[in-house]
Structure formats: C-alpha cells, structure tokens
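Dear colleague,

I am handing over the structure below, together with a short account of what was found in it. Please read the notes with the structure open beside them.

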Amino acid sequence: MSLKRTIPLASTLLLAAALLSPPAATAGTPTAALAVPDISLANVQAHLGDLQTIATNNGGNRAHGRPGYLASVNHLRAKLDAAGYTTSVQQFTSSGATGYNLIADWPGGDPNDVLMLGGHLDSVSAGPGINDNGTGSAGLLEVALTVSRQALAPQKHIRFGWWGAEELGLVGSTYYVNQLPTAEKSRIKAYLNFDMIGSPNPGYFVYSASGQPTGSLALQQTLQAAFTVPTELTSVGGRSDHAAFARAGIPVGGLFTGAEVVKTAAQAQKWGGSSGVAFDRCYHRSCDTLTNVDATALDRNSDAIAYALWTLAGTGGGTPGPRFENATDFAIPDLGTVESPIAVSGVTGNAPSALAVGVDITHTYRGDLVIDLVAPDGTAFRVKNSSGDSGDDLVTTYTVNASGEVANGTWKLRVRDAASADVGRVNGWSLQF
C-alpha cells in the first residue's frame, strides 16, 4: 500500500444478505445459485510461502524493477494458466525500469458487464512485502483458483488484476486504466481492491462509498455483509489501486486491515489485539515476512473476497465453450498488414452471437491500428477502427456476433497499420466460443 495516512470513519453497518441477492437471470436462464465457498486458509498461506521464497531467492524483496517481482508475476501466471484463465502481462515503464501488470480473465459471463477484482503484487525494496501486499495477492489468487475448481458460470464476466509499481505511486493500475479504450472502461461495472488483508494487529475496514462513483454503495454494503465481526468504514482516498478506477467513474470498493496507524482502545475492545500499537508495525520494513500476518484476519478477508465475487457476479451464465489460442508473435510492420491464424475444430454448428476475441498487442500507437476478425469463409468483422483511439498497447477482448458463420475452420486476426511512424507486434490472440 502506498504511503499515505488513512482516516477511519467510525461507522459500522451489518446488512441482511437478502438485500444483496445476485442479479436476476434472464428468462429461460438457469437460476440455481451456487453456495459461496469457504476459501482454504492453508492454500492462501501456501501462496504466501511461495511469495516469501521468491523474495528470499531474489535479494529479499519483490519490488518493481527487481527480479523478485517478475518472478512473482510468472509464478501466479503459471497457476492461472493451468486453471483455465486467459492471462496477459502488460508492460509499462517507471523509474527507468520495466513494470508488469498481470491480468486474468475467467471465460464466460457477459463481456459488457465486467466485475474486476485486484490488488498490487509488488513490495517495497526494504522487504518481501508479505502483508503488503502478499496477503491481498494470495487471497485473490486462491479465490480465482476456487472459481476454476467449482467451474463457476457467472452472469458477469470476471477479471482479476495484479498490479505492478503500486509502491511507487499506483503506477501499474493507473497505466492499465489510462490505456483502456473508452468502450472497454465502460464495460467494467465494478472494481474491488484488496490491499493488506492480514495485518498482525488487525482492524476490519471496508472502503467507504462516500465521495466515490455512483454504484460504490452497493459494493460497500456487500463487503460489510461478508463479515460476522463489526467493520468500520475507511476513507482510503488515493492510497491504493482503486484510485484510477474511481477517477474513470467506475464504482469501487475494497478491504483493508490497517497499516502504520495506531489502533485505538475502542478498536482493540471491538476487535482484540493491542491498543496504542500500529495495525502493522512492520509496514514497509524488512520484518514484513510470513510471521507478520494474522491468520484469522487473512481467513476472514479471503472469505469476504469470495462472498463479494459470488454475490455480485451471479450464476446461471452458462458453461463456457472451447477456447482456441495462437500465442505466436507476429510483427506489425509500419503501414503494413499482418494476419495471425487460429484453426478451430470439434465445435458443433455455428459460432456464437457473442464470440469473444481476446487480443494482446504491443504497439507504440494503437490509434494507427485497424483490426478485423476474418471468418473461415473470408467474411471480415471489424472490431477496431484507427480513428479516435490514442495510446499504445492493446490488451482487451472484443465481442463479435458471428452466429452466421460455421465455427470450424481457420479464423484470422487481421491487423493493419494505417499510418506511418509506429510499429508493434501481435503477442497472441484467442477465440472463446
């Protein structure tokens, strides 16, 4: 968590779960709800152990620009890939070093109604950053893996993000939001942030909706209802990675167990622990290790992440169909055109009316790019024009109504550079049926 004082708002609210029912299914859609799972504390702790080992093997930290950070990204990505997520790594530059955001999309759900959950993966250079923010990163990872184990079929599309260079001023998350085309930002209907969820002298803080974009109150109330212990609202302002989403008008919420601020006597009476002592005495220090985590707080907050996801995402979205990918790099020449093929087989009938086209492109100015999805019979579906789209890299998902096309055959992603002076490459792309 970036260094900035948090101002707790002494307010507690427990809401009945009946107020927080999942979105109603459309006519004819299955409505059976899945029970919110109990997230395994042992598994979350195992992920923290992995992050500690990575730090220990890489100079004692997982900071931006250091080898321990990239090793953390690669470690999480391998687990998510194996669990069936569509992952991408977004690069940016900060303080003269390359930074990385890890994005993971769970197949299925309404691509125009995205529920995103995230937290930062980097530590400060002084230590391994196990509470700040290994806890949030590990809790999110185990919730994501639980989604896969239970084959969740949500109504909303679920996306996770692990951010780089948060400790240098929210750099990674800000880059991600700023690089999203306007249409993509509008598809993210909510963002939930989890930063420091296992402080050793914990409080139970929920981000206050006051001053946040319209829609944030529902997120606040959902997170409050996830706990059986009292919570307090906290105004985290621009302290963590929700800030860029809030500036973009996206509703935000989150959880926090406290950092350098001292726990009051009233809070100690309510939550236990020590009054007159910081929530995290090892905040941004070398002692932020595995011994700097309260297991009960970590367990409660990890379960709360799952409660929020299952409650807000809804169920009955249908089981995702097969996914096909071409991960081969294709250079995009200046003022040139490149095509990347995917051979689809074993799919019955036609393509769906919401064929998801995942695109991962590195480019120095994406405003030059014209992108088409070309069906096996040669029909081209325009997914992006070159006008009105500034910025560089493009990591996003488009939806195409390809219901008139036979699914099996060779599909192509055609990328044309329509203006001079910029180059790039297609890192990979996918089709989710």
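**What was found**

Tyr-207 stands opposite Thr-234, a residue of strand β8. Please bear in mind throughout that this is a predicted model. The strands concerned are β7, which covers residues 205-207, and β8, which covers residues 232-235, and they pair over three bridges in the parallel sense. Together with helix α6, which covers residues 216-225, β7 and β8 make up a β-α-β unit that is right-handed.

After α3 comes Ala-151, a residue with a positive phi, near 50°.

As for disulfides, a search of the whole structure finds one. It is formed by Cys-282 and Cys-287, whose sulfur atoms lie 2.1 Å apart. Because the torsion about the S-S bond of Cys-282 and Cys-287 is about -115°, this disulfide is left-handed.

Are the two cysteines buried or partly exposed? Cys-282 has a relative accessible area of 12% and is buried, since buried means under 20%. Cys-287, at 25% relative accessibility, counts as partly exposed, because that class lies between the 20% limit for buried and the 50% limit for exposed.

With kind regards

Conventions: Residues are numbered from 1 along each chain as its sequence is written. This is a predicted model: local features need pLDDT of at least 70, side-chain atom pairs count only at pLDDT 80 or more; totals for chains, interfaces and linings use all residues. Side-chain values use heavy atoms; hydrogens and water are left out. Two strands pair if DSSP finds at least two bridges between them. Helices (H or I, at least four residues) and strands (E, at least two) are DSSP runs, numbered from the N terminus. A crossover is right-handed if, with the strands pointing away from the viewer, the path from the first strand over the helix to the second runs clockwise. A disulfide is a pair of cysteine sulfur atoms within 2.5 Å. Buried means under 20% relative accessible area, exposed over 50%, partly exposed in between (1.4 Å probe, protein chains only).
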